[in-house]
Amino acid sequence: MQELQLSAPGKRQIGATVCTVRNGMGHAGYTEQVSPDTGKIRIRVIRQFDPANGRFLLSSQPEQNVWEDPDNWYICKF
């Protein structure tokens with residue numbers, strides 16, 4: 001939990017690379033906007049990866065924009 005709090009400001013930086021894992025699938029994207037009212041970040045999700053080995057999938061879903069709580073994502077490099 002402390003690690004999430006320490007990295008929270010970095011996730012709010014425009015252009016930060018962030019990842020999350022949901023239902024066994026990894027998602028990677030960039031922070032594009034921050035809401036001053038809710039504290040949520042808008043993420044442009046551009047890639048999917050296998051969390052077991054960190055490799056990107058050759059066929060990914062179309063890019064999407066999502067508003068999320070920064071605590072649901074972590075800083076990553078891709």
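Why does threonine 20 count as buried? Threonine 20 counts as buried because its relative accessibility is 4%; buried means under 20% relative accessible area, exposed over 50%, and partly exposed in between, with a 1.4 Å probe and protein chains only.

The structure is a predicted model, in which local features need pLDDT of at least 70, side-chain atom pairs count only at pLDDT 80 or more, and totals for chains, interfaces and linings use all residues. Residues are numbered from 1 along each chain as its sequence is written, and side-chain values use heavy atoms, with hydrogens and water left out.

**View 1. The open sheet comprises 5 strands.** Strands (E, at least two residues), like helices (H or I, at least four), are DSSP runs numbered from the N terminus. The order across the sheet is E4-E3-E2-E1-E5, and the pairing is antiparallel; two strands pair if DSSP finds at least two bridges between them. E4 and E5 stand at the edges with a single partner strand each, so one side of each is left without a neighbour in the sheet.

View 2. Threonine 31 has isoleucine 43 of E3 as its bridge partner, while glutamine 33 has arginine 42 of E3. E2 and E3 form a hairpin with 6 residues between them, and glycine 39 in the turn has a positive phi of about 80°. Valine 66 in E4 stands opposite isoleucine 43.

**View 3. Threonine 20 is shown in strand E1.** Strand E1 spans residues 17-22. The side chain of threonine 20 reaches the backbone oxygen of asparagine 72 at 2.7 Å. Leaving aside residues up to four places away in sequence, threonine 20 touches Met25, Gly26, His27, Phe49, Asn72, Trp73 and Tyr74; contact means heavy atoms within 4.5 Å.

**View 4. Cysteine 19 and cysteine 76 form a disulfide.** A search of the whole structure finds 1 disulfide, defined as a pair of cysteine sulfur atoms within 2.5 Å. The sulfur atoms of cysteine 19 and cysteine 76 are 2.0 Å apart. The torsion about their S-S bond is about 75°, so the disulfide is right-handed. The pair links distant parts of the chain, 57 residues apart: cysteine 19 lies in strand E1, and cysteine 76 in the segment after strand E5 (74-75). Both cysteine 19 and cysteine 76 are buried.

**View 5. The largest nonpolar core has 6 residues.** A nonpolar core is a set of buried Ala, Val, Leu, Ile, Met, Phe, Trp, Tyr and Cys residues joined through side-chain atoms within 4.5 Å. The members of the largest one are Val18, Ile41, Ile43, Val45, Val66 and Trp73. Strand E3 gives the most to this core, with 3 residues. The contacts of isoleucine 41, not counting residues up to four places away in sequence, include Thr31, Val66, Trp67 and Pro70.

**View 6. Isoleucine 46 lies in strand E3 (residues 41-49).** Isoleucine 46 is buried, with a relative accessible area of 18%. Beyond residues up to four places away in sequence, isoleucine 46 touches Ala28, Gly29, Tyr30, Glu63 and Phe78. Isoleucine 46 and histidine 27 are 19 residues apart in sequence and 7.7 Å apart in space, C-alpha to C-alpha.

Conventions. Polar contact = N/O pair within 3.5 Å; in protein donor to acceptor, adjacent residues only side chain to side chain.
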